[in-house]
Amino acid sequence: MSDQNAPRAEAVVDLDALRHNVALLAERAQVAVMAVVKADGYGHGAVPVARAALEAGATWLGSCSAAEAVDLRKAGIEAPILAWLYAAGEDLSDAIAAGVELGVSSLDELRAAEGAPIHLKIDTGLNRNGCPESEWAALVKAAKGHNVRAVWSHLASADEPGDPSVDRQAERFERAYQVALAEGLNPMRHIANSATVLTRPDLAFDMVRTGIAMYGLNPVPQQEDLRPVMTFRSSVAQVKRIPAGESVSYGGTWTAPRDVTLALVPVGYADGVPRGLSGRLEVWLAGNRRPVVGRVCMDQIVVECGDDHVSPGDEVILFGPGDRGEPTARQWADSLGTIDYEIVTNMYRPRVRRRYLGAR
């Protein structure tokens, strides 16, 4: 379909789909839900996503960085927000003044978070941030004079149902929680991510943190009623016919075996289309999946359309929910040997405009 306002590069974000996903996860968890909106809402836009998630039943937000949390406050969002990763010596005064709750993994971080509600993080086996078990008792003791809201941790392999590391980490988490209780603290607990919500209801505790599943991308092998939130689209900029024997794009990696019609699409790796998908990428155009031929360039790709009629302005879907047969973010990720988190987060780019459906 030709569009007079055809986009160059557009991420369409379906907030009704996001609300559906949050409500589903909240129903499964039966405890408080933290909607994780770090990295500008996994590329979907932190502020609109946060508002939609709160409308759907989330009561907390997770932002990772203190600056992200402060931006949410500046947008008028008043829900509790947790930020948990900051540089050594980073000035947290704006976050503390804004009432942001801070993750604390060490005595240095405890000092930096003075005046903020804190969530003490125990490293149960992921071995990124988090307090080592050997230092945990000292951190808990030092935190007794602070407003300790929670004890929390991250699971390493919750997206692999039955992985024995989940139970090992759960046991370490329980030990850490008992240390906090023995020191007279009465914190809430949270360790469950999206995959845990879907596979381990026993680990929901007092709150779950919904990340990728909130955006409609399923982190576990089992089928779930999650609706992908983002569609990445562009449009045809130019159409041309080339004869057999002509090559396409840098390096001439594809040569037309017969006379064919080509559609030029003005998106490339500067817009989040991985160059590594060269020779493996398809798009949805004029009612069919069609191959992208030649190399993905910085600003453009070329679609082979055979003898079919296409026109400038026709919509091109690079990935979406898959309902019409279009490629999905998961298929991109599988082709690249990565995860769909990376695909959608890569849409956080200056030239990719966002359009929201279902805004209230």
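In the predicted model, Arg128 is placed in the loop between β6 (118-121) and α7 (133-142); helices (H or I, at least four residues) and strands (E, at least two) are DSSP runs, numbered from the N terminus. Residues are numbered from 1 along each chain as its sequence is written, and side-chain values use heavy atoms, with hydrogens and water left out. Because the model is predicted, local features require pLDDT of at least 70 and side-chain atom pairs count only at pLDDT 80 or more, whereas totals for chains, interfaces and linings use all residues.

Arg128 is exposed, with a relative accessible area of 55%; buried denotes under 20% relative accessible area, exposed over 50%, and partly exposed the range in between (1.4 Å probe, protein chains only). Residues up to four places away in sequence being left aside, Arg128 touches Asp123 and His154, contact being defined as heavy atoms within 4.5 Å.

The unreviewed UniProt entry lists Arg128 and Met298 under "binding site"; UniProt positions are given in the numbering used here, feature names are shortened, and annotations may be inferred rather than shown by experiment. The two positions span 171 residues in sequence, and their farthest C-alpha atoms are 33.9 Å apart, so they do not all gather at one spot. From this set, Arg128 belongs to the lining of the largest pocket. On a 1 Å grid over the protein atoms alone, a pocket is an open set of points where a 1.4 Å probe fits, with protein on both sides within 12 Å along at least five of seven lines; lining residues have an atom within 4 Å of a point.

Met298 lies in the loop between β16 (288-293) and β17 (301-304) and is partly exposed, with a relative accessible area of 42%. Gly268, Tyr269, Ala270, Asp271 and Arg351 are touched by Met298, not counting residues up to four places away in sequence.

An open sheet is formed by 8 strands in the order β8-β7-β6-β5-β4-β3-β2-β9, with parallel pairing; two strands pair if DSSP finds at least two bridges between them. Its edge strands, β8 (188-190) and β9 (207-210), each pair on one side only. Neighbouring strands of this sheet are turned by 25° against each other on average, direction ignored; axes are lines fitted to C-alpha atoms, for helices over the stretch in contact, and angles run from 0 to 180 degrees between N-to-C directions. Helix α8 (residues 164-182) packs on the sheet and touches β7 (148-152) and β8, its direction making about 160° with that of β8. Within the sheet, strand β5 (residues 101-104) runs parallel to β6 and is joined to β6 by 3 bridges; Leu102 has Ile118 in β6 as its bridge partner.

In helix α3 (residues 46-55), the residues Ala46, Val49, Ala50, Ala52 and Ala53 are buried. The elements covering these buried residues include α1 (15-29), β2 (32-36), α2 (38-42), β3 (60-64) and α4 (66-74). Just after α3, Gly57 adopts a positive phi of about 125°.

Most residues other than glycine have a negative phi. Asp40, although not a glycine, has a positive phi of about 50°. Asp40 is found in helix α2 and is buried, with a relative accessible area of 19%. Phe205, likewise not a glycine, has a positive phi of about 50°. Phe205 lies in the loop between α9 (194-199) and β9 and counts as partly exposed at 23% relative accessibility.
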